[in-house]
Amino acid sequence: MPTTGLHNRLLYGSGVVNLALKEAAFGAFVLFYYKQVLGLSGTMTGVAIALSVLWDAISDPLVGAWSDRLCSRWGRRHPLMVASVIPLALSFIAVFAPPAFALETKTHLFLWLLCSVVMLRTALTFFMVPYLALGAEITTDYYERTRLASARTNMGWFVGVLLPASALMLLFTDERGVDGKFIIENYHSYGVVNAVAVLIFSSICIVGTWHYIPTLAGKTKQASAGMWHDILQTFHNRNFRKLIILDTAIGGMSGIVGALMMVMYTYFWQLNTGQISMLFAGPPLVAVLLVTGTSRYINERLEKQQLLQLSCALGALNLMWLTPMKLLGWLPNNISIVFGLIFMHSLLNAAMSISRTIANYALLADVADEQELATGQRQEGV
């Protein structure tokens, strides 16, 4: 299949913004909003988010298997993506604008958070799983898949950090001496902004990739045992099992770091809103430029497996120095120097995360080809 070209890579890559918006919302605002602003306990907030993640573990592979099996005039992926857009946009509004009855008791608030985040994650699953599978089908070229994953990942990071950082500066402004992060109405506005971004970027991605439908792989012969058989069959692939173990470990760590990020910046590092905004935007944006600028050089010298190994190793080492130095009292008293160290730490973490994600997505596309050779089935969705 011919290469995609920069224009089509960007059109396709715009779809990952939905995932970036979710990561930014949960990393920067959801835990802080429900715990510090609305008064829900950290335990109840954490349980609601954890239950939604457990649901993700069930719904993601099922939607992937359904996407693999779907047969329609609009292909296997696009119908599910189209159906998810409106529910996903409404879910962001629901998470950040609980109605009056939900605020009456902590139980009501817990149930509202649980239902709204489950709805958000489910809608996101219906978009992202077929969307990511689509990336493995658009091109079969070994190096072009890496370029496609790079465009998708870099765009996701760029927009995903730009929106919350801009929101901190423009929406969460102080009012009459009150920190904007503690004003409920600001979160309502943030939810609406996220919803509008979902509608815009989802539409760009769907319309921009629609012309690929006639050239995409169609539904292949499936086992009669059903979707669960399709899901379990993928674990026969050794390379897939290794990637799953890696992503489980890193995903768990990233989830903890992301959920506590706003709390850490506010209470542990005692940064103000302006400094937090700079940290949400600056390091990831510099990391995107750094990875983009060096990707051609690196891709010519490192295989995908080597890039994955290197990014994991350097990322792990980077997590071991800054927080321990703070706890041991080894950091200087100069606030500017400390902020610079936090910035550098975040920059290195973002760069390694981007590189790891690019390598991982590119490898998964190759594993899907390997699985087809072994079973005769196209299982990008699973």
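Mentor: In helix α9, the buried residues are Phe-240, Leu-243, Ile-250, Gly-258, Met-262, Tyr-265 and Thr-266; buried means under 20% relative accessible area, exposed over 50% and partly exposed in between, with a 1.4 Å probe and protein chains only. Helices (H or I, at least four residues) are DSSP runs numbered from the N terminus. This is a predicted model, where local features need pLDDT of at least 70 and side-chain atom pairs count only at pLDDT 80 or more, while totals for chains, interfaces and linings use all residues. Residues are numbered from 1 along each chain as its sequence is written, and side-chain values use heavy atoms, with hydrogens and water left out.

Trainee: Where is the kink in α9 centred?

Mentor: The kink is centred on Leu-260 and is about 50°, the bend being the angle between axes fitted to the seven residues ending there and the seven starting there.

Trainee: And what follows α9?

Mentor: Gln-270 does, with a positive phi near 55°.

Trainee: Changing topic, is Arg-121 buried or exposed?

Mentor: Arg-121 counts as buried because its relative accessibility is 8%. This residue is found in helix α5.

Trainee: Which residues does Arg-121 touch?

Mentor: Leaving out residues up to four places away in sequence, Arg-121 touches Lys-22, Phe-26, Ile-49, Ser-52, Val-53 and Asp-56; contact means heavy atoms within 4.5 Å.

Trainee: What is in contact with Val-30?

Mentor: Neighbours within four places in sequence aside, Val-30 is in contact with Ala-25, Ile-49, Val-95, Phe-96 and Leu-113.

Technical notes: Helices (H or I, at least four residues) and strands (E, at least two) are DSSP runs, numbered from the N terminus.
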